[in-house]
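Notebook open, viewer open. I want to jot down what I look up as I go.

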Amino acid sequence: MTEILVSDVNLNSVCERLEQHCCVGQNQHNLSSQPQTPVLKRHTNTGAKLWGRVRSKLLRQKLDPQTVQSKNWHMDVIEMNGIKVEFSMKFTSRDLSLKRTPSKKQSGVFGVKINVVTKRERSKVPYIVRQCIEEVEKRGIDEVGIYRISGVATDIQALKTAFDTNTKDILVMLSDMDINAIAGTLKLYFRELPEPLLTDRLYPAFMEGIALSDPAAKENCMMHLLRSLPDPNLMTFLPLLDHLKRVAEKEPINKMSLHNLATVFGPTLLRPSESESAKGLHITSASDIWSHDVMAQVQVLLYYLQHPPISFAELKRNTLYFSTDV
């Protein structure tokens with residue numbers, strides 16, 4: 001029996017846990033089989049196919065309005081080639097699942113403010129961001145579904161610990177680790193920042209800017225908002241932006257378009273603070289709140305991904321004043 005709490009943002013980790021559960025169950029079945037007992041022949045990809053069925057089932061339940069509005073646990077069973085997964089799940093609204101608390105950590109990089117990390121490292125961009133991007137570009141840029149396909153949770157946790165403790169053999173670990181785990185570590189770093197990379201303070205302005213209908217006004221507003229970011233945030237965002245553009249250039253191979261990448265990273269780099277989430281409670285249902293926020297967050301990142309190259313020096317030289325009240 002696997003008990004799962006399904007939120008708007010943890011579906012991938014849920015599926016990882018189920019995949020590991022299936023694999024363990026299959027190994028235990030084979031180990032417990034007596035030599036004289038005929039063993040059913042299993043397809044080598046049974047675990048992957050079963051995981052796909054579970055994932056599809058979870059997605060359908062997540063999008064079901066009755067499931068979204070219900071506060072009760074929902075039980076289900078999925079079986080394939082002799083392997084059975086029994087699980088229960090319950091939906092929690094996005095504002096609860098993304099609730100953030102100030103970090104009390106004095107060391108490490110995960111959950112620590114980005115300006116603290118860059119100051120400690122005496123760098124412009126956190127070391128973890130630079131190394132993960134470099135490794136993905138070295139051997140993962142042609143990987144189908146890069147950044148969309150989840151890495152193994154235990155590998156991601158190992159990399160997280162290594163970066164947090166500044167392990168000396170981190171470069172060896174990166175070169176040996178599955179590339180999806182490295183991509184997952186980069187996403188986890190941004191997700192665990194005490195404040196999103198594009199900041200709580202500017203979130204309402206980003207939402208207003210992306211909704212502007214006049215192209216010239218939108219351009220001025222969106223560039224002004226980038227200039228308004230703290231330097232460590234901006235200097236981290238711009239290399240990430242360039243990296244994602246290079247990944248999208250390989251779309252015919254890796255199947256990751258600019259829109260796909262914006263969908264993966266948008267809600268991680270830009271998400272509402274608790275006070276902003278509370279303002280949206282007048283919308284009728286939790287699913288409406290989730291979809292309304294996420295679509296706008298994706299569009300913000302997509303705007304910058306589709307924009308011609310942006311340099312830090314050029315942004316800082318351009319000091320034209322612009323008000324988002326236009």
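My entries on this model follow, from the whole chain down to single residues.

**Ground rules.** I am working with a predicted model, where local features need pLDDT of at least 70, side-chain atom pairs count only at pLDDT 80 or more, and totals for chains, interfaces and linings use all residues. I number residues from 1 along each chain as its sequence is written, and side-chain values use heavy atoms, with hydrogens and water left out.

**Whole chain.** I find 17 helices and three strands in the protein chain. Helices (H or I, at least four residues) and strands (E, at least two) are DSSP runs, numbered from the N terminus. I checked burial next: 47% of the 326 residues of the protein chain count as buried. Buried means under 20% relative accessible area, exposed over 50%, and partly exposed in between, using a 1.4 Å probe on protein chains only. I also looked at contacts, meaning heavy atoms within 4.5 Å. Of the contacts in the protein chain with a separation of 6 or more, 75% are between residues 24 or more positions apart.

**Core.** Which residues have the most contacts inside the largest nonpolar core? I get Y147, F190, F206, F237 and Y304, in a core of 73 residues. Helix α16 (residues 286–306) gives the largest share of this core, nine residues. For the record, a nonpolar core is a set of buried Ala, Val, Leu, Ile, Met, Phe, Trp, Tyr and Cys residues joined through side-chain atoms within 4.5 Å. In soluble globular proteins, nonpolar side chains tend to be buried together. I then clicked on Y304: leaving aside neighbours within four places in sequence, Y304 is in contact with F206, M222, M223, L225, L226, F237, L241, K245 and I310.

**α12 against α14.** I looked up how helix α12 (residues 231–249) packs on helix α14 (residues 258–269), and the angle is about 155° with the axes 9 Å apart. Axes are lines fitted to C-alpha atoms, for helices over the stretch in contact, and angles run from 0 to 180 degrees between N-to-C directions. So α12 and α14 are roughly antiparallel to each other; the cut-offs are under 35 degrees for roughly parallel, over 145 for roughly antiparallel, 65 to 115 for roughly perpendicular, and oblique for the rest. On the α12 side I see F237, L240, L244, K245, V247 and A248, which meet L258, L261, F265 and L269 in α14. By class, this contact has nine nonpolar, no polar and one charged residues. Here Ala, Val, Leu, Ile, Met, Phe, Trp, Tyr, Cys and Pro count as nonpolar, Asp, Glu, Lys and Arg as charged, and the others, Gly among them, as polar.

**α5 against α12.** Helix α5 (residues 114–121) packs on α12 at about 85°, with axes 8 Å apart. That makes α5 roughly perpendicular to α12. I114, N115 and T118 of α5 make the contact with P232, N233 and T236 of α12. I sort these residues into two nonpolar, four polar and no charged.

**Single residues.** Not counting residues up to four places away in sequence, K187 touches Y147, V264, F265 and T268. E249 lies in helix α12 and counts as exposed at 62% relative accessibility. N166, in the loop between α7 (153–164) and α8 (170–176), has a positive phi of about 55° although it is not a glycine.
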